Amino acid sequence: MNIFDKLYLSTFHHVKKRLPKKAKSYARRYVSFIQIGLMLLLGTFFLKFSNQLQFTLLDHTDTKIICIAMSLFIIFKNWMTYNGKKHVVLSSTKIKQSTGSYSIMALIGFQILTFLLFAILFKAV
C-alpha cells in the first residue's frame with residue numbers, strides 16, 4: 001500500500017462520518033488533487049531548472065497542454081482505481097487495523113502545502 005492509498009483511506013473514513021454517500025468521490029478527488037499538485041510542483045521545478053540552464057525544449061503553451069493532459073489522466077486513473085476492487089480491498093478490516101490514519105488537519109495541511117510550494121516555485125525567478 002502506497003502513500004496515496006493511505007491518504008485515500010484516511011480521507012474516506014473522515015468524510016464517511018459526515019457524508020456516507022459522497023465519501024468515495026470526495027476521497028478520490030482529494031487524492032487526485034494531491035497527485036495533480038505534486039505533478040505541477042515537479043513540472044514547475046524542471047521548467048525553472050531548464051530555464052536556468054537556457055535549455056528550452058517546450059514553450060509555455062506546450063507545457064500547459066501537457067499539464068492539462070496529465071491532470072485528466074490522473075483523474076481518470078484514480079476514478080478507475082478507487083471505484084473497483086481496490087476500494088473493497090483497501091476497506092477490508094485486516095488492512096484497516098494495520099494502517100494508521102492521518103488527522104483531518106494533516107490531510108488539509110498536505111493539500112495546502114503542496115499548492116503553496118507550487119505557487120512559491122512558480123513565482124521564483
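Reader: At roughly what angle do the axes of helix α1 and α6 cross?

Author: This is a predicted model, and the values here are computed from it. Helix α1 covers residues 3-18, and helix α6 covers residues 104-123. Their axes come within 10 Å, and the crossing angle is roughly 125°.

Reader: How are α1 and α6 oriented to each other?

Author: The crossing of α1 and α6 is left-handed. Angles over 145 degrees would count as roughly antiparallel, and 65 to 115 as roughly perpendicular. The axes cross at roughly 125°, so α1 and α6 are oblique.

Reader: Which residues of α6 meet α1?

Author: On the α1 side the contact is made by L7, S10, T11 and H14. By class, the contact has 4 nonpolar, 3 polar and no charged residues. The residues of α6 that take part are I104, L107 and F110.

Reader: Is S10 buried or exposed?

Author: S10 sits in helix α1, and its C-alpha atom is 8.2 Å from that of L107, 97 residues apart along the chain. A residue under 20% relative accessible area counts as buried. S10 has 2% relative accessibility, so this residue is buried.

Reader: Which residues does S101 touch, not counting those up to four places away in sequence?

Author: S101 lies in the loop between α5 and α6. The C-alpha atoms of S101 and H14 are separated by 9.3 Å, although the two are 87 residues apart along the chain. With those up to four places away in sequence left out, S101 touches S10 and H14.

Reader: Is S101 buried or exposed?

Author: S101 touches S10, which counts as buried. For S101 the relative accessible area is 55%. The cut-off for exposed is over 50%, so S101 is exposed.

Reader: How are α2 and α6 oriented to each other?

Author: Helix α2 spans residues 23-52 and packs on α6 with the axes 9 Å apart. The crossing is left-handed. The angle is about 25°, and angles under 35 degrees count as roughly parallel; α2 and α6 are therefore roughly parallel.

Reader: How do the residues of the contact of α2 with α6 divide by class?

Author: The α2 side includes Y30, F33, I34 and K48. Among the residues they and others in α2 meet in α6 are L107, F110, Q111 and F122. The residues of this contact divide into 15 nonpolar, 4 polar and 1 charged.

Reader: Which element of the chain has the lowest mean pLDDT?

Author: The chain averages a pLDDT of 85, and 93% of the residues score at least 70. Helix α6 has the highest mean of the elements, 90. Where pLDDT is low, the predicted coordinates should not be read in detail. The lowest mean, 59, belongs to residues 93-98, helix α5.

Reader: What share of the contacts between residues at least 6 apart in sequence join residues at least 24 apart?

Author: The chain has 6 helices and 0 strands. Its C-alpha atoms fill a box of roughly 55 × 25 × 25 Å along the principal axes. Pairs such as S101 and H14, 87 residues apart along the chain, lie beyond the separation of at least 24 asked about. Among contacts between residues at least 6 apart, the share joining residues at least 24 apart is 79%.

Reader: What percentage of the residues in the chain is buried?

Author: S10 is one of the buried residues. The chain has 125 residues, and the buried ones make up 30%.

How values were computed. Residues are numbered from 1 along each chain as its sequence is written. This is a predicted model: local features need pLDDT of at least 70, side-chain atom pairs count only at pLDDT 80 or more; totals for chains, interfaces and linings use all residues. Side-chain values use heavy atoms; hydrogens and water are left out. Axes are lines fitted to C-alpha atoms, for helices over the stretch in contact, and angles run from 0 to 180 degrees between N-to-C directions. Helices (H or I, at least four residues) and strands (E, at least two) are DSSP runs, numbered from the N terminus. A crossing is left-handed if the near helix is turned anticlockwise from the far one by less than a right angle, and right-handed if clockwise. Contact means heavy atoms within 4.5 Å. Ala, Val, Leu, Ile, Met, Phe, Trp, Tyr, Cys and Pro count as nonpolar, Asp, Glu, Lys and Arg as charged, and the others, Gly among them, as polar. pLDDT is the predictor's confidence in each residue, from 0 to 100. Buried means under 20% relative accessible area, exposed over 50%, partly exposed in between (1.4 Å probe, protein chains only).
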